[in-house]
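Look at the structure first, then read the points below.

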Amino acid sequence: EGGKITALVGKSGSGKSTIINLIPRFYDPQNGKILFDAQNIKKVKLDSLRKNISLVSQDVVLFDSTIRNNILYANPSATDKELLLACNYAAADEFIEKLPKKYETLVGENGVKLSGGQKQRISIARAILKKSPIILLDEATSSLDTESEKIVQNAINNLIKGRTTIVIAHRMSTIHSAHEIFVLKEGSILERGSHEFLIKNSSEYKVLYQNQLK
């Protein structure tokens with residue numbers, strides 16, 4: 001549904017990433033259709049569809065160039081003011097300003113000179129700069145330590161305000177604010193509903209949630 005946060009939860013291999021990959025049409029469904037805000041994505045030009053989607057995943061692709069160029073990749077015509085604002089919302093300016101060459105710092109091949117949390121924040125800054133109405137979050141905080149996760153989670157909250165968001169999460173803290181949660185198992189939707197509803201009515205969700213708390 002347009003403008004809402006939809007979360008996908010389930011064990012590894014349940015089909016979460018498959019759904020995420022169907023949305024930008026990395027491949028198409030063999031049956032049925034995908035509607036975004038009542039629009040069939042198969043009837044939208046591929047280039048137009050992908051321009052309206054930002055993907056933030058645990059595997060951030062960075063180029064062997066400056067931090068500035070890596071962020072501007074999302075929107076090459078963005079002004080310096082827009083770039084700085086995006087980095088502020090993404091909590092990326094915090095570490096960029098401490099670097100010797102700041103925005104002109106070379107990140108190395110695939111961001112080898114940056115930590116996981118720093119790469120995530122650059123990825124979020126890109127998504128903010130792109131200003132796309134659809135956000136896909138694929139395990140965006142799964143490999144981070146607690147402190148980095150808190151910073152990145154706040155940045156994600158800034159990113160998804162008022163946007164159509166689909167989030168995959170193993171960490172249940174990520175999905176508390178979701179309008180609807182889908183519980184997946186072996187490629188099928190087992191249950192759907194709010195966190196409160198699923199805790200009371202879905203044994204699968206309850207197990208996933210309790211395992212997280214442990």
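Arg 192 and Glu 180 form a salt bridge, with their closest N and O atoms 2.9 Å apart. This is a predicted model. By the rule used here, the model has 9 salt bridges.

**Arg 192 and Glu 180**
- This pair links distant parts of the chain, 12 residues apart.
- Arg 192 sits in strand 8 (residues 188-193), and Glu 180 sits in strand 7 (residues 180-185).
- Arg 192 is partly exposed, with a relative accessible area of 47%.
- Glu 180 is partly exposed too, at 24%.

**Arg 68 and Asp 80**
- The side chains of Arg 68 and Asp 80 meet in a salt bridge of 3.0 Å, N to O.
- The pair links distant parts of the chain: Arg 68 is in helix 3 (residues 67-72), Asp 80 is in helix 4, and 12 residues separate them.
- Arg 68 counts as partly exposed because its relative accessibility is 22%.
- Arg 68 and Asp 80 also belong to a network of salt bridges with Glu 104.

**Arg 25 and Asp 28**
- A salt bridge joins the side chains of Arg 25 and Asp 28, at 2.8 Å from N to O.
- Is Arg 25 buried or exposed? Arg 25 counts as buried, because its relative accessibility is 17%, under the 20% cut-off.
- Asp 28 counts as partly exposed, at 33%.

**Ala 86**
- Ala 86 lies in helix 4 (residues 80-89).
- Ala 86 has 2% relative accessibility, so it counts as buried.
- Beyond its neighbours within four places in sequence, Ala 86 is in contact with Ala 125, Ile 128 and Leu 129.
- Ala 86 and Lys 130 are 44 residues apart along the chain, and their C-alpha atoms are separated by 9.4 Å.

Note on methods: Residues are numbered from 1 along each chain as its sequence is written. This is a predicted model: local features need pLDDT of at least 70, side-chain atom pairs count only at pLDDT 80 or more; totals for chains, interfaces and linings use all residues. Side-chain values use heavy atoms; hydrogens and water are left out. Helices (H or I, at least four residues) and strands (E, at least two) are DSSP runs, numbered from the N terminus. Buried means under 20% relative accessible area, exposed over 50%, partly exposed in between (1.4 Å probe, protein chains only). Contact means heavy atoms within 4.5 Å. A salt bridge is a side-chain nitrogen of Lys or Arg within 4 Å of a carboxyl oxygen of Asp or Glu.
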